[in-house]
Amino acid sequence: MDYIQRQTGKENPLILGIESSCDETAAAVIRGRELLSNEIISSASTQAIYGGVVPEIASRVHVIAIDEVVERALSRAGVKKEELDAVAVTYGAGLLGSLLVGLSFAKSFAYTLKIPLLAVNHVRGHLAAAYLDDETLKPPFVSLLASGGHTAVLFTKTETEFELLGSTLDDAAGEAFDKCARVLGLPYPGGPNIERLAKEGTPCIPFPKMCKGSEMRFSYSGLKTAVINYCHTKEQKGEAVPKADVAASFQSAALDVLVEKTVQAALQKGVSAVTAGGGVVANGYLREKLAAACQKAGLKLVLPEKKYCTDNAAMIASEGRIQYQAGNFSPLSVNARAAIPLR
Ligand code: KG4
Ligand code: ZN
């Protein structure tokens with residue numbers, strides 16, 4: 001870590017966060033837990049033409065967008081790059097080519113400015129988004145993580161330590177939304193499109209709520225199969241598929257279990273607060289249900305704004321702040337990783 005020539009250990013460090021793990025190129029600046037700017041350039045509309053993320057297209061868009069997005073984040077924050085105390089960047093999990101664009105950029109930034117590089121686990125970033133939403137939030141609390149790759153309930157003991165209480169046995173919740181959207185012929189990204197369609201229907205189809213009981217685990221492959229079978233049976237009978245009802249029924253079957261288990265875990269652990277993060281937490285139905293259940297159970301709920309649930313750089317800067325304060329600086333030799341275990 002010889003390249004670092006800046007005082008470390010500041011109480012409220014000025015951190016640039018960079019995120020490029022999938023199809024959004026994002027940069028944000030925070031001072032301590034205060035968010036100063038959050039910029040994003042997305043290739044989602046281009047990706048929609050292909051029905052999902054094409055890694056090569058994502059990498060090329062990152063290369064074109066990264067300079068601009070970082071410039072914008074610094075200027076919106078009113079910060080000169082020389083004032084930064086550290087650069088936080090997602091090093092995994094994600095698409096390797098995409099990750100390498102952000103990581104290489106961040107390394108050269110850190111090296112030139114002689115400030116620490118903070119290599120951030122994307123999933124830990126999702127969990128750290130809550131700290132920006134409520135600057136008074138302190139562990140212990142229970143967190144729901146629901147994204148395209150993960151579905152889990154965690155016990156956050158301190159800012160750097162957590163215990164995995166339960167996770168999915170198969171698909172992640174976001175993955176299930178994306179697969180169900182395909183069955184219904186909805187465009188990428190599936191989650192927001194299912195949510196939109198669900199508003200026009202009622203949850204009248206009894207799809208199975210997998211792993212309903214008290215065990216702390218989730219499963220989505222059975223629900224996905226039930227949706228496929230239902231639609232095929234309708235088609236074989238020559239009947240119209242009631243798409244809005246399928247979307248509404250799928251949505252409640254997929255999300256009610258998350259709400260029940262998160263609240264159950266919080267009560268079992270005896271904590272007074274619950275947080276949530278990940279793209280699926282942008283879902284309005286989930287947010288309303290979770291808020292109502294937490295209120296009923298006397299739990300404080302810290303829900304990041306929707307734009308900080310889906311991929312963004314503010315959450316990476318937030319996790320970077322935690323790593324900075326823990327002194328976890330990364331060598332410039334750190335490499336991108338397509339997969340990183342949750343812990
Ligand atoms: O956290 P995220 O942006 O990326 C990952 O780290 O995976 O999550 C993406 C996932 C996708 O599967 C997407 O369909 C889902 O989050 N998602 C939603 C909504 N917005 C995004 N799922 C349900 N309702 C939404 N409004
Ligand atoms: Zn994500």
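Helices (H or I, at least four residues) and strands (E, at least two) are DSSP runs, numbered from the N terminus. This is a predicted model, in which local features need pLDDT of at least 70 and side-chain atom pairs count only at pLDDT 80 or more, while totals for chains, interfaces and linings use all residues. Residues are numbered from 1 along each chain as its sequence is written, chains are lettered from A and ligands numbered from 1 in the order in which they are written, and side-chain values use heavy atoms, with hydrogens and water left out.

**Salt bridges**

A salt bridge is a side-chain nitrogen of Lys or Arg within 4 Å of a carboxyl oxygen of Asp or Glu; by this rule the model has 18 salt bridges. Three of them are listed here.

| Pair | Closest N and O atoms |
|---|---|
| Glu56 and Arg60 | 2.7 Å |
| Glu68 and Arg72 | 3.0 Å |
| Asp171 and Lys224 | 3.6 Å |

Asp171 lies in the loop between strand S8 (162-167) and helix H5 (173-183), and Lys224 in helix H7 (residues 221-236), so this pair links parts that are 53 residues apart in sequence. Salt bridges with shared partners join Glu39, Glu68, Arg72 and Arg76 into one network. Helix H2 (residues 55-77) holds both Glu56 and Arg60, four residues apart, about one turn of the helix. Glu68 and Arg72 are likewise four residues apart in helix H2, about one helical turn.

Accessibility is described as buried (under 20% relative accessible area), exposed (over 50%) or partly exposed (in between), with a 1.4 Å probe and protein chains only. Glu56 is partly exposed at 44%, whereas Arg60 is exposed at 52%.

**The zinc site**

Donors are N, O and S atoms within 2.8 Å of the metal (3.2 Å for Na, K and Ca); water is not among the atoms, so sites may look incomplete. His122 (NE2), His126 (NE2) and Asp311 (OD) coordinate the zinc ion (ligand 2) at 2.0 to 2.1 Å. Along the chain, the donors follow the spacing H-x3-H-x184-D. His126 lies in helix H4 (residues 122-133) and Asp311 in the loop between strand S10 (300-302) and helix H10 (314-325), so the pair ties together parts that are 185 residues apart in sequence. Both His126 and Asp311 are buried.

**Thr151**

Thr151 belongs to strand S7 (residues 151-156) and is buried, with a relative accessible area of 2%.
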